[in-house]
Amino acid sequence: MVCHIIIEVEITKYTSYAQDKNTSVIGKMKIVVSIILCIVGVVSAIQSLPSTKGLPPYISHIDNTFLQSKLDLAMERHSKAIQKAITNFDTDSVSASTYEEREKFLNSLQFDEYNIVADGYHLPDFHDELGNKSVFVTKRETPMFTKEECDEIIQKAEEYYSSVDEDGQQREWPKMESGQYYVQGFFIKDGPPEIKEWFTRMVKTRLFEALNYQFPDFCDGIENLVVDNAYMFKYIHAPGLRTEIHTDQGCLSFTFALNSNSEYQGGGTFVEGLTKVGGEDNSSNKIIEMDIGQCTVRPGGIRHGGNPLESGTRYIIGGFCMHKKKVEVTRQLMDNPCSSDATLVRDCLEAAIAFNPRCDLPYANLAHIYEKEGYQTKALDVVKDCLHTANPHSCSASYYLGTIGYYQTGDYEKAIDCMNICLGVDPKDGDALQTLYQSYSKLGNTQEESNVLKRLVKTPGVSNRVLANAHCNLGTLCDDIDTEIDHYLKAIDCDSTSISTWHSFGSALSTSALASYQSKDIQASQNNFKQAVAAYRKAIDLIDSGTGRSSEDDFSNLTNDDIQQQRKETLDCLYRSATLQMRTEMELNPQPGGQPPHDVLMDKLKNIMGEANCNELMRMKMGS
């Protein structure tokens with residue numbers, strides 16, 4: 001069954017050639033030989049089952065029957081992925097380069113070479129073949145693509161996303177999620193047809209040739225390669241616009257630089273453990289920086305991410321390749337569609353760990369599943385095992401253990417240790433920085449909390465959600481009321497759905513208003529009370545609509561008692577600010593005959609607070 005699944009695509013293709021009446025006898029003999037070689041190649045590439053002895057307790061139930069069924073599933077997924085890849089990018093229909101063209105192209109390229117030196121570095125698949133291979137970057141003097149080619153691709157993309165679609169709707173650059181971040185871009189198979197056509201041609205005549213040149217033993221010919229997926233990204237300087245540290249879904253990966261690095265600041269590709277081979281090593285920051293037309297090729301399982309921009313615009317094309325005859329077992333077992341049965345996903349992840357216990361990628365995902373199933377202790381055992389067995393610097397395992405295992409149970413010192421592991425790999429990890437300052441806050445260490453907060457708001461690429469939380473917390477730590485208000489305004493600019501920010505903003509404005517009142521600046525006091533009232537009303541609207549966030553958690557996660565208590569506190573603050581606003585108005589505009597009648601004052605109060613809020617407050621006071 002295993003062999004049948006893998007060779008199905010190749011045999012079908014060769015059979016169709018063989019059935020062609022125009023195929024010569026010699027041609028048919030070549031086809032038979034090709035099929036035999038295909039079968040031999042696939043059989044030799046099939047992974048044997050790992051031993052079930054010594055498995056950790058949480059997967060000790062695994063036996064050979066279980067593993068064989070998951071290996072068969074990985075083979076089946078691989079076969080379907082190859083067929084899909086050929087459909088999306090039909091490189092087989094593109095004429096291959098002649099020997100002379102190939103030699104001329106390869107001889108025109110020079111490469112910088114980088115090794116990966118990182119604790120816990122282990123590829124999900126083919127580590128013995130690719131784990132010791134380098135990252136190769138074409139030198140600036142010998143780019144893979146010309147400036148004219150790159151300019152044309154950018155122009156076609158911008159023209160496409162500046163146009164209207166068939167329904168008359170304005171197109172715009174799509175946003176693609178990347179963990180806690182997002183990036184502007186599109187999958188090339190779904191984008192402008194001219195870009196897909198150019199890309200498919202370049203893949204066959206240039207990229208595959210470069211991959212086969214640098215990884216000859218693994219590739220064993222460009223006819224074995226397919227593009228699993230590819231995308232074009234447009235990086236700009238904006239909060240949250242970067243890619244998370246990740247590994248690619250393919251055994252080999254590539255990145256094309258489409259514009260000059262003089263057009264932006266920052267950027268580049270972060271690669272964990274990057275170390276240049278020979279010559280001057282400028283990779284101390286672990287960033288690969290490329291100029292227009294340059295290309296990087298590398299093993300796909302290397303941890304990397306798009307470094308955030310500080311200014312300008314950066315365009316790249318990136319993607320990953322598969323080998324038709326070499327099955328990425330760990331990757332296929334991890335690549336579970338959202339529609340997959342939860343039990344199947346769990347079984348696949350357990351098998352992935354059994355097949356490759358030194359790869360840290362499946363562990364945190366499996367822990368999340370155990371957690372959802374109610375096995376919290378088991379989930380924590382998984383990530384602890386990852387840090388002990390697979391990778392002591394695993395960001396995903398450290399973050400899970402630090403947040404779920406330690407922060408939520410009050411062990412803030414250990415939570416800090418885990419977050420520092422994450423930040424040791426990615427110093428710009430916004431979620432890790434947030435948990436770090438939260439932990440210091442819980443310990444009462446306001447100095448360290450403030451230091452981390454100040455570091456966070458200066459970190460490029462952090463998401464708006466995390467930035468909003470950071471500015472709100474910096475506001476609460478401020479002694480100067482004007483600086484405090486400024487932080488709340490920045491928080492609201494980042495995320496206008498935070499209930500706690502609007503509440504704190506209202507409180508700061510009320511404090512400023514009282515200070516102005518005491519200094520006899522009644523007009524300034526009235527203005528601040530009006531803004532405070534508006535802030536409190538906004539917080540209540542977010543509570544009532546269910547669209548707000550409370551503190552640093554989703555509002556939807558709070559209990560009803562928590563929600564009602566928060567609403568009551570905000571309503572009380574709204575009432576106090578509203579009555580003080582009325583007082584300042586009466587002082588600025590005194591009415592003949594003194595204070596207006598009670599019913600007039602009540603109407604005024606309802607107008608300021610909002611009638612529903614005012615009525616609710618009256619009911620609460622009468623009930624108490």
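View 1. Helices (H or I, at least four residues) and strands (E, at least two) are DSSP runs, numbered from the N terminus. This is a predicted model, in which local features need pLDDT of at least 70 and side-chain atom pairs count only at pLDDT 80 or more, while totals for chains, interfaces and linings use all residues. Residues are numbered from 1 along each chain as its sequence is written, and side-chain values use heavy atoms, with hydrogens and water left out. Thr-91 has a relative accessible area of 4% and therefore counts as buried, a term that means under 20% relative accessible area, with exposed over 50% and partly exposed in between (1.4 Å probe, protein chains only). Apart from its neighbours within four places in sequence, Thr-91 is in contact (heavy atoms within 4.5 Å) with Thr-200, Val-203, Lys-204, Phe-208 and Leu-225. Thr-205 stands 114 residues from Thr-91 in sequence, and their C-alpha atoms are 9.2 Å apart in space.

**View 2. Packing of helix 10 (residues 342-355) with helix 11 (residues 361-372).** The two helices pack at an angle of about 145°, and their axes are 9 Å apart; axes are lines fitted to C-alpha atoms, for helices over the stretch in contact, and angles run from 0 to 180 degrees between N-to-C directions. On the helix 10 side, Val-345, Arg-346, Leu-349, Glu-350, Ala-352 and Ile-353 meet Pro-362, Tyr-363, Asn-365, Leu-366, Ile-369 and Tyr-370 of helix 11.

**View 3. Helix 17 (residues 464-477) and its packing partners.** The 14 residues of helix 17 should span 20 Å at 1.5 Å a residue, and because the end C-alpha atoms are 20 Å apart, the two values agree; the expected span is 1.5 Å times one less than the number of residues. Helix 17 is mostly covered, with 10 of its 14 residues buried, among them Asn-469, His-471, Cys-472 and Asn-473. These buried residues of helix 17 pack against helix 15 (430-442), helix 16 (446-457), helix 18 (481-494), helix 19 (499-518) and strand 14 (549-550).

**View 4. Residues 1-18, where the pLDDT is below 50.** The protein averages a pLDDT (the predictor's confidence in each residue, from 0 to 100) of 88, and 89% of the residues score at least 70. Where pLDDT is low, the predicted coordinates should not be read in detail.
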